Amino acid sequence: MEGDTSEIRLDNLSIGYRSKKGTKAVASGITATIRSGELTCLIGPNGAGKSTLLRTLAGFLPKAAGTASLRGRDIGSYKPRELARLVGIVLTEKPDTGCMTVGELVALGRSPYTGFWGTCSESDRRAAARAMADVGIGHLAGRRVATLSDGERQKAMVAKALAQQTPVILLDEPTAFLDFPSKVETMRLLRGIARHTGKVVFMSTHDLDLALQAADTLWLMARGGGIATGSPEDLALDGRLAAFFGSGSMRFDAATGLFDICPEATAAADVAGLGGTRRAMLCKALRRNGIAPGGPGPALGSVEVRADCFIVRRGLAETRSATVAGAVEALAT
């Protein structure tokens, strides 16, 4: 959505934090745009400055240099109440909610609109109820937050940000501490919010495989502030994704667009027979056990993939296995 006034533009931005010795820069030279209507995932090692960047964009920390603008104004020039109507943020830390119910927590998102006494109007209550319905927790409105699962609590925090009705939502590792199904559900929820509402949704994450599948745009943030941006597919095609994460223990698979754990191969084996999923699963298991399918190294033998079994041949010996695990064991022993 090029030209949308709610996108965030960064130009030669430097970020950091203040100490007794002055401002310590964490990252510098950041120039990029966070577009509305997209899920943008910020990825990088610990210490690269991901949380510092999010807190700077939320107005919690002052920038060190450069510009970060929203709707044509520098984010630092907004008064706190103005910014609260433009930017919602979900942090990693679990909130201290005491005996608060889900409905009461989500209603706190209406704080920028409720005036000095913080009393919700009927319009505020409707906005909170709509936000809970949008994330699928309307039935939990009367539950104590302390009784929720981690996944349910994260949905409540996203609903609170939605109730705030801001064009920008920032999230610091929203999938941290969640089980895998909850991680997937959270990523799908955030992608849906971006697509269906046209909001800026910008989140940091360490869940690389999920980000590669769900994000419209990735930001790869290295220590020192260097940032590469683009769609997961474009970053894969031009080699920047593999270069950013590539190491001896990881291999980027261009066919799937995901990373494989890749132990160093110490042997090889020929693979023949059927293709498709059975062959792919066999090759995956061989690589995990340090055996390169059709690759260089001492040849252990061969495996023929059949519809009902795997035939392992080592020298004159032939073994039939019904499972991938059995085939790998027969080949390796």
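Helix 10 is the element that gives the most to the lining of the second largest pocket, with five residues. This is a predicted model, in which local features need pLDDT of at least 70 and side-chain atom pairs count only at pLDDT 80 or more, while totals for chains, interfaces and linings use all residues. Residues are numbered from 1 along each chain as its sequence is written, and side-chain values use heavy atoms, with hydrogens and water left out.

A pocket, on a 1 Å grid over the protein atoms alone, is an open set of points with protein on both sides within 12 Å along at least five of seven lines, a cavity is a set of points where a 1.4 Å probe fits but cannot get out, and lining residues have an atom within 4 Å of a point. Helices (H or I, at least four residues) and strands (E, at least two) are DSSP runs, numbered from the N terminus.

In the second largest pocket, which holds about 320 Å³ of space, at least two lining residues come from each of strand 11 (250-253), strand 12 (258-261) and helix 10 (276-288). Of its twelve lining residues, Arg 251, Asp 253, Asp 260, Lys 284 and Arg 287 lie nearest the centre.

The largest pocket has a volume of about 400 Å³, where a volume is the space filled by probe spheres set on the grid points, which are joined across faces, edges and corners. Its lining is made up of 26 residues, and Ala 58, Gly 59, Phe 60, Ile 75 and Leu 83 are those nearest its centre. Helix 2 (80-84) and strand 6 (87-90) each supply at least two residues of this lining.

Cys 99 is in no disulfide, as the nearest cysteine sulfur, that of Cys 120, is 19 Å away. The sulfur of Cys 309 is 16 Å from the closest cysteine sulfur, in Cys 283, and is therefore too far away for a bond.

Key:
A disulfide is a pair of cysteine sulfur atoms within 2.5 Å.
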